[in-house]
Amino acid sequence: MSESRPRVQLTRGVPPVESFPIAQLAECAAAVLHEYGDVVLQYAPVRGFAPLRALLAREAGVDDDRVIVGQGSLQLQDFCARYLLGTGSVVYVEEPSYDRALTIIRRAGGQLVGFPLEEDGPDIDAVEARLESGERPKYFYVIPDFQNPSGAVLSLEKRQRLATLARAYEFWIVEDVPYRRLRYRGEEYPTLFELAPDRVIQMSSYSKLVSPGMRVGYVIAPASLAGPLAKMAEDTYIGPSYLNQAIIYEYIRRGWLEPNIARLCELYEPRLGATLSALEQHLADLATWQRPDGGFFVGVTLRFEVSADELLERARAANLILTDGRGFFPGCDVENFVRIPFCALTPEEINEGVVRLAEVLRGLVQAV
Ligand SMILES: Cc1ncc(COP(=O)(O)O)c(C=O)c1O
């Protein structure tokens with residue numbers, strides 16, 4: 001009976017525990033407590049641990065003041081939404097997009113307008129048409145590299161077009177790049193920030209490169225926004241955890257980040273490979289998907305309509321736990337989408353998950 005099979009959890013886009021460099025982080029923690037214990041254990045200026053900000057500012061080619069390092073990037077995104085949006089402010093998003101970001105935008109009063117994802121990113125002709133019709137979004141929230149939940153990468157041409165549109169129609173691009181460095185093969189494109197630094201608010205974090213529990217994320221904000229965002233952060237949490245930021249800084253200073261990223265790519269690449277070959281083997285007639293070169297996710301679109309409730313329930317009965325795909329769509333109205341987060345599972349678990357998904361889907365097709 002299916003119920004006796006072990007549970008396969010295809011729900012959370014989290015790193016696996018074997019990815020954590022625990023011993024190295026323990027060394028860094030001890031070192032920073034000895035070296036800057038007086039600073040990192042105190043309340044401290046809200047924009048974050050100065051040496052880490054300076055390093056990020058140098059990499060981005062901006063003044064240190066434009067870098068805010070906070071408690072994970074999602075909260076910084078919340079500050080951006082709350083500062084920039086009012087009731088009814090239009091926000092463009094990819095469709096599908098990161099469910100928590102959509103929630104944040106809605107909660108800040110934003111009105112979501114989704115643009116369907118194609119292989120190379122959202123439909124930019126549709127974006128242009130809406131802009132030409134007179135609509136003025138406050139910003140476009142984009143995850144250009146190994147998008148959550150689809151795995152899509154925005155092509156160079158679409159990056160350039162989006163940058164040009166943002167300048168012409170004066171909207172911000174909120175560029176979220178937590179997966180960018182997790183490229184297992186192929187060449188990267190320039191970031192939107194590199195293409196239009198005057199129009200882009202870029203955010204990222206060390207959650208997927210070191211540890212999400214450290215909660216160290218950052219935003220490279222335009223000069224006009226950095227002050228208000230910092231004020232919002234200060235009024236929310238006074239100052240961020242300097243201890244965690246200093247540990248991350250020490251980790252980078254010792255030259256351990258780049259080898260860790262290489263190790264993660266080695267760990268995850270076979271998991272992506274297992275996902276793509278299991279999909280090819282078991283789901284080719286039932287669904288379509290992107291073939292990403294990195295990241296955490298492969299998004300699967302079923303070739304037929306289903307009831308998401310029924311899909312989730314049948315999957316649960318087969319001890320396969322799925323995320324509700326509707327949450328990734330602005331209208332929560334698309335039922336035939338399944339996100340497969342592959343990094344936290346072994347290749348064997350991934351294969352078993354896809355086999356079970358195929359079995360559930362075949363049952364649903366027959367029931368139609
Ligand atoms: C696209 C995207 N942005 C932001 C986050 C949140 O990251 P952080 O841990 O920095 O808050 C996630 C986490 O899964 C994500 O997928």
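**Figure 1. The open sheet of eight strands.** In this predicted model, eight strands are arranged as an open sheet with mixed pairing, in the order β2-β9-β8-β7-β6-β3-β4-β5. Strands (E, at least two residues) and helices (H or I, at least four residues) are DSSP runs, numbered from the N terminus, and two strands pair if DSSP finds at least two bridges between them. The edges are formed by β2 and β5 (121-122), each of which pairs on one side only. Within the sheet, β8 (residues 200-205) pairs with β9 in the antiparallel sense over four bridges. Gln-202 has Ile-220 in β9 as its bridge partner. Residues are numbered from 1 along each chain as its sequence is written. Local features need pLDDT of at least 70 and side-chain atom pairs count only at pLDDT 80 or more, whereas totals for chains, interfaces and linings use all residues.

Figure 2. Helix α8 covers residues 223-237. The buried residues of α8 are Ala-226, Leu-229, Ala-230 and Ala-233. Seen down the helix axis, these buried residues fall within an arc of 105 degrees (taken from the directions from the axis to the C-beta atoms), so they line one face of α8. Residues three or four places apart in an α-helix point the same way, because there are 3.6 residues a turn. A residue is buried if 20 or more other C-beta atoms lie within 10 Å of its own, exposed if 12 or fewer, and partly exposed in between, with C-beta atoms placed from the backbone.

**Figure 3. Surroundings and end of α8.** The buried residues of α8 pack against β2 (67-70), α3 (73-84) and β9 (217-220) (contact: C-beta atoms, placed from the backbone, within 7 Å). The face turned away from the buried side carries the exposed residues Ser-224 and Asp-235. Ile-238 follows α8 and has a positive phi, near 70 degrees.

Figure 4. Five of the five residues of β13 (residues 337-341) are buried. Phe-337, Arg-339 and Pro-341 point one way from the strand, and Val-338 and Ile-340 point the other way. Side chains alternate between the two faces of the sheet in a regular strand. β13 pairs with β11 (residues 297-302) in the antiparallel sense over five bridges, and Arg-339 is the bridge partner of Gly-299.

Methods:
Expected span 1.5 Å × (residues − 1). Contact = placed C-beta atoms within 7 Å.
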